[in-house]
Structure formats: structure tokens, C-alpha cells
Amino acid sequence: MDYRELFFKIRVVAHLHRKRLDEVVNEADLHFGQLPILATLSKLGTASQKDVAKTLHVSPPSITNSVKRMEKKGLLSCGVKEDDRRSHVLKLTEKGQEAKQYCFERFQALDKEICQGITEEDLITFERVLNMMMEHLKEEGDNND
């Protein structure tokens with residue numbers, strides 16, 4: 001077994017998949033990093049920028065520019081909390097919800113297209129193997145700490 005070739009193919013598949021996802025996101029007039037913000041707001045309803053950042057495991061300043069651009073495009077709105085006028089909250093607009101929905105539907109269609117001709121059993125085995133590989137990588141990382 002040529003492990004280098006196997007992992008090269010995994011990287012190529014991941015790269016090609018990401019490239020196709022980027023095309024979908026660009027069609028929706030978004031940047032890739034904006035989509036998780038839309039998805040988070042869709043899930044949370046309204047949230048502070050700090051809460052969105054915490055959910056995404058990033059720092060609040062790291063999403064500031066994206067939030068500003070998204071507000072300018074009408075994808076989300078920024079308002080103040082009713083009970084605390086000092087606190088700002090973000091809310092997804094209808095346009096933002098439509099952009100998120102468009103991307104997620106296209107992602108689902110893309111994933112289905114990619115897996116065309118692959119049996120459910122093969123996909124289950126593939127997922128099991130990937131999970132084992134991730135565990136081995138995590139264990140190796142834990143041993144280096």
C-alpha cells in the first residue's frame with residue numbers, strides 16, 4: 001500500500017470539494033467565512049457578535065469585518081437589545097436566510113453528485129475508516145503534548 005499516494009488523493013478530493021463549495025458560495029455573493037455566520041444566526045435567531053464568535057470558536061474581532069460587510073449587503077441586521085440598550089445583537093435578514101438556504105441546498109446536491117455510484121455500505125465503511133484515522137491523529141497529537 002502506497003500511503004503517500006492515498007493521502008495525496010485525500011488532499012486532492014478535499015481541495016476539489018472545497019473549490020466546488022467556493023463556487024457555490026461565490027454564486028450566492030458571499031465569502032466562504034460568511035456562511036458559518038449566517039448558519040449560526042439561523043440557528044440562534046438573534047445573538048451578539050461575541051456569542052456568534054464563541055459558537056464558531058473564533059475571536060469576536062476576527063468576524064467584525066465580515067459582519068460589517070454582511071450588514072452592508074443586507075444579509076443581517078445589527079440592533080440593540082430591548083432590555084440592555086448598550087448590547088448589540090445580530091439577526092439574519094430574509095436575504096441572509098435565502099443565501100444560506102441556497103448554499104446548503106447546493107452543497108447537499110453537490111455531495112449527492114460526488115457520492116453517485118457509491119453504495120451506502122461503502123460510504124459507511126469509508127466514514128468508519130476516516131474516523132479511525134482522525135482518532136489516530138488525535139492520539140498522536142495528545143502524545144506530543
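This report describes the helices, nonpolar core, surface and salt bridges of a predicted model.

## The nonpolar core

The largest nonpolar core holds 23 residues, and L30, L38, L41 and C103 are those that touch the most other members. Two or more residues of this core come from each of α1 (3-27), α2, α3, α4, β3 and α5 (94-114).

L30 illustrates how separate parts of the chain meet here. Leaving out residues up to four places away in sequence, L30 touches V25, L35, L38, K73, L75, A99 and C103.

## Helix α4 and its cover

Helix α4 spans residues 64-72, and its buried residues are S66, V67 and M70. These residues lie on the same side of α4, because they cover an arc of only 100° around the axis. An α-helix has 3.6 residues a turn, so residues three or four places apart point the same way.

The buried residues of α4 are covered by elements including α2 (34-44), α3 (49-56), β2 (76-80) and β3 (88-92). On the face of α4 turned away from the buried side are K68 and K72, which are exposed. Just after α4, G74 adopts a positive phi of about 85°.

## Helix α2

In α2, the buried residues are Q34, L35, I37, L38, T40 and L41. L38 and L41 also belong to the group of core residues that touch the most other members.

T40 lies in α2 and counts as buried because its relative accessibility is 8%, whereas the cut-off for buried is under 20%. Apart from its neighbours within four places in sequence, T40 is in contact with V52, T55 and L56. Just after α2, G45 takes a positive phi of about 85°.

## Loops with positive phi

D29 has a phi of about 60° although it is not a glycine, and D29 is placed in the loop between α1 and α2.

H57 likewise is not a glycine and has a positive phi of about 60°. H57 is found in the loop between α3 and α4. With a relative accessibility of 73%, H57 counts as exposed, since the term applies over 50%.

## Nonpolar surface patch

M1, Y3, L6, F7 and I10 form a nonpolar patch on the surface, and together they have about 520 Å² of accessible area. I10 has its place in helix α1. The relative accessibility of I10 is 30%, so I10 counts as partly exposed.

## Salt bridges

Five salt bridges are found in a search of the whole structure. One of them joins R18 to D22, with the closest N and O atoms 3.1 Å apart. R18 and D22 both lie in helix α1, four residues apart, which is about one turn of the helix. Both partners are partly exposed: R18 has a relative accessibility of 41%, and D22 has a relative accessible area of 25%.

In the pair formed by R20 and E113, the closest N and O atoms are 3.1 Å apart. This pair links distant parts of the chain, with R20 in helix α1 and E113 in helix α5, 93 residues apart. R20 is partly exposed at a relative accessible area of 34%, and E113 is partly exposed at 43%. In the pair formed by E27 and R106, the closest N and O atoms are 2.4 Å apart. This pair also links distant parts of the chain, from E27 in helix α1 to R106 in helix α5, 79 residues apart. E27 is partly exposed, with a relative accessible area of 46%, and R106 is partly exposed, with 31%.

## Residue Q97 in helix α5

Q97 lies in helix α5. Its relative accessibility is 29%, so Q97 counts as partly exposed. Not counting residues up to four places away in sequence, Q97 touches S42 and L92. Q97 and S62 are 35 residues apart in sequence, and their C-alpha atoms are 22 Å apart in space.

Terms used: Residues are numbered from 1 along each chain as its sequence is written. This is a predicted model: local features need pLDDT of at least 70, side-chain atom pairs count only at pLDDT 80 or more; totals for chains, interfaces and linings use all residues. Side-chain values use heavy atoms; hydrogens and water are left out. Buried means under 20% relative accessible area, exposed over 50%, partly exposed in between (1.4 Å probe, protein chains only). The arc is that of the directions from the helix axis to the C-beta atoms. Contact means heavy atoms within 4.5 Å. A nonpolar core is a set of buried Ala, Val, Leu, Ile, Met, Phe, Trp, Tyr and Cys residues joined through side-chain atoms within 4.5 Å. Patches are made of residues with over 30% relative accessible area and no salt bridge: like charges are joined within 9 Å, nonpolar side chains (Val, Leu, Ile, Met, Phe, Trp, Tyr) within 5 Å. Accessible areas come from the Shrake-Rupley method with a 1.4 Å probe; for residues, only the protein chains shown count as cover. A salt bridge is a side-chain nitrogen of Lys or Arg within 4 Å of a carboxyl oxygen of Asp or Glu.
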